[in-house]
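Reader: Please take me through this model by question and answer. I would like each term defined where it is used.

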Amino acid sequence: QTAQIHTALDPVLGLRVLLAQAIHAVHVEPDLARSALELAATRAQNVTDERWLGQLAYTHGWVWMHQPGRLSDAAVAFEQAKALYESAGFTAGIALTLQRLAVTHHWQGNSQRGATLLEEAVTLHESIGDVLNLAPALGNLGSCERALGLNSATRRLQRALSLAQDNRDIALVGTIHTNLANAYHGRWRIDAARYHYEQAIEHLRRAGRHRQSSIAIFNLGNLCADQGDGMAARSHLHRARIQLNNTGEVGVESRVLLHLAKAHLDAGDTDKAQTLSVEAGEAIKQHGKGSNAHGTLRQLQGSIALDTGDTAAARKEWSALPKAKEEPVLLAQLAWIDHQEGQLEAARIGYEHCLNLLRGHAFERMVGRVYLRIACLHAQQGNEEAAAEAMSEAHSQFEATQDLVGMRNLEVLERCGMPRATDVACAAPSMRPGGLEQRLLLRTFRSHE
């Protein structure tokens, strides 16, 4: 109604009201955002100012980038907005559009293109002194660089965090804390990751961003699981699930259920893990989260089968995954099945192939765990010298990646009679109950006694 009143007086003013409504409604009332955008497109027929026509195209991109399956449409709209802003000489608009365009590329998996566009956006924001938009641009650039495995990611994110704190933007501070936590988690800087997840949860809660805070809680749960703290992991993951349900968010339900199932499996509660995996499968069918979710579900079902001793079912699940013979983690699991079945030569070949693939790969923690399996294999063959060498390699890898779970598994094997990795017994920080990996290692090691 306000837009109609303004349109009668000034078409541009009416257009501005509708575009503002579309932008602000996109997260809370998507249908309202779409209807406002449709009305804006009609009102724009009487507008000739390229700056506001650029804003119309930009708003189309903004609304579409938050709709499932419309990232390509959003990118086209942002390209149109950029061209119109350039024609109008509107530098601030160009910079902001580059920023959004970069995010659409990043979300579609082209982080290199995203980083290139964001560097240009950062330069433009700096040239006009736009510190409000510089902070999120740097945050997005840091996220792209993290995806590319660049060391500069944390530096960018720390600068973005400082600017957001100066601007007193609580929501952005929380978002950047999340991105920093993810970056440190990926580099196994566990204490730093934990700190930033906790800060993210607090700031996002204060800002009323309950969905984002739930994702941060979910990530903190996964961090705890990585460190073998099963009780904390399950607690955080349950909390994330409840909070997401309260916000009406169903899009990530399957991911939470999958990780919660894995946490229960590590705790030895196979029945609960199986129940949650079935729920996850139903959520995937209902909400369709793509091939990654289906692949994670198959990996989980393979792990459940392996825990119950059904190696044939585990092999069936893991072999059916795309690139099962190429992905290091999947290859290690298939070799692990050979090992469980007593096919030691096939397992040895699989482990060596896996180690070759893991060199320079993001899954660096897997290296130590593969060496621990190789140590068990050599012990089964009576080659204590080779077993000791493999234990030593595993120990070095676990120290380098702060892998407390791996350290505890190594210590348990030493106590059961495996050759020591060092001159003194491994001193793991705590002796929490072992997870699935430890149960399988012990089962394998004891099978030759």
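Reader: Are α8 and α9 roughly parallel or roughly antiparallel to each other?

Author: In this predicted model, local features need pLDDT of at least 70 and side-chain atom pairs count only at pLDDT 80 or more, whereas totals for chains, interfaces and linings use all residues. Residues are numbered from 1 along each chain as its sequence is written, and side-chain values use heavy atoms, without hydrogens or water. The axes of helix α8 (residues 131-147) and helix α9 (residues 152-166) come within 8 Å and cross at roughly 160°, where axes are lines fitted to C-alpha atoms, for helices over the stretch in contact, and angles run from 0 to 180 degrees between N-to-C directions. Angles under 35 degrees count as roughly parallel, over 145 as roughly antiparallel, 65 to 115 as roughly perpendicular and the rest as oblique, so α8 and α9 are roughly antiparallel.

Reader: How many residues in the contact of α8 with α9 are nonpolar?

Author: Contact means heavy atoms within 4.5 Å. On the α8 side are L134, A135, L138, G139, L141, G142, S143, E145 and R146, which meet S152, A153, R156, L157, R159, A160, L163 and A164 of α9. Ala, Val, Leu, Ile, Met, Phe, Trp, Tyr, Cys and Pro count as nonpolar, Asp, Glu, Lys and Arg as charged, and the others, Gly among them, as polar. The contact of α8 with α9 has 4 charged and 4 polar residues, and its nonpolar residues number 9.

Reader: In which hand does α6 pass α8?

Author: Helix α6 (residues 91-107) packs against α8 at about 25°, with their axes 11 Å apart, and the two are therefore roughly parallel. A crossing is left-handed if the near helix is turned anticlockwise from the far one by less than a right angle, and right-handed if clockwise. For α6 passing α8, the crossing is left-handed.

Reader: How many charged residues does the contact of α6 with α8 have?

Author: α6 contributes L96, Q99, V103 and H106, while α8 contributes N133, P136, A137, N140, S143, C144 and A147. By class, 6 of the residues in the contact of α6 with α8 are nonpolar and 5 are polar, and the number that are charged is none.

Reader: At roughly what angle do the axes of α14 and α15 cross?

Author: Helix α14 (residues 253-266) and helix α15 (residues 270-287) are roughly antiparallel to each other. Their axes come within 8 Å, and the crossing angle is roughly 165°.

Reader: How many helices are there in the protein chain?

Author: Helices (H or I, at least four residues) and strands (E, at least two) are DSSP runs, numbered from the N terminus. Strands in the protein chain number 0, and the count of helices is 23.

Reader: Which residues does I176 touch, not counting residues up to four places away in sequence?

Author: I176 is among the residues with the most contacts inside the largest nonpolar core. Beyond four places away in sequence, I176 touches A135, L157, A160, L161 and A164.

Reader: Is T401 buried or exposed?

Author: T401 lies in the loop between α21 and α22. T401 touches W188, E364 and R365, leaving aside residues up to four places away in sequence. Its relative accessibility is 2%, so T401 counts as buried.

Reader: What is the phi of Q402, near which value?

Author: Most residues other than glycine have a negative phi. Q402 is in the loop between α21 (384-400) and α22 (404-415), and at 37% relative accessibility Q402 counts as partly exposed. Q402 is a residue other than glycine with a positive phi, near 50°.

Reader: What is the relative accessibility of R168?

Author: R168 is in the loop between α9 and α10 (170-186). R168 is not a glycine, yet its phi is positive, about 55°. R168 counts as exposed because its relative accessibility is 75%.

Definitions and conventions:
Core = buried A, V, L, I, M, F, W, Y, C linked by side-chain atoms within 4.5 Å. Buried < 20%, exposed > 50% of the residue type's maximum accessible area, 1.4 Å probe, protein only.
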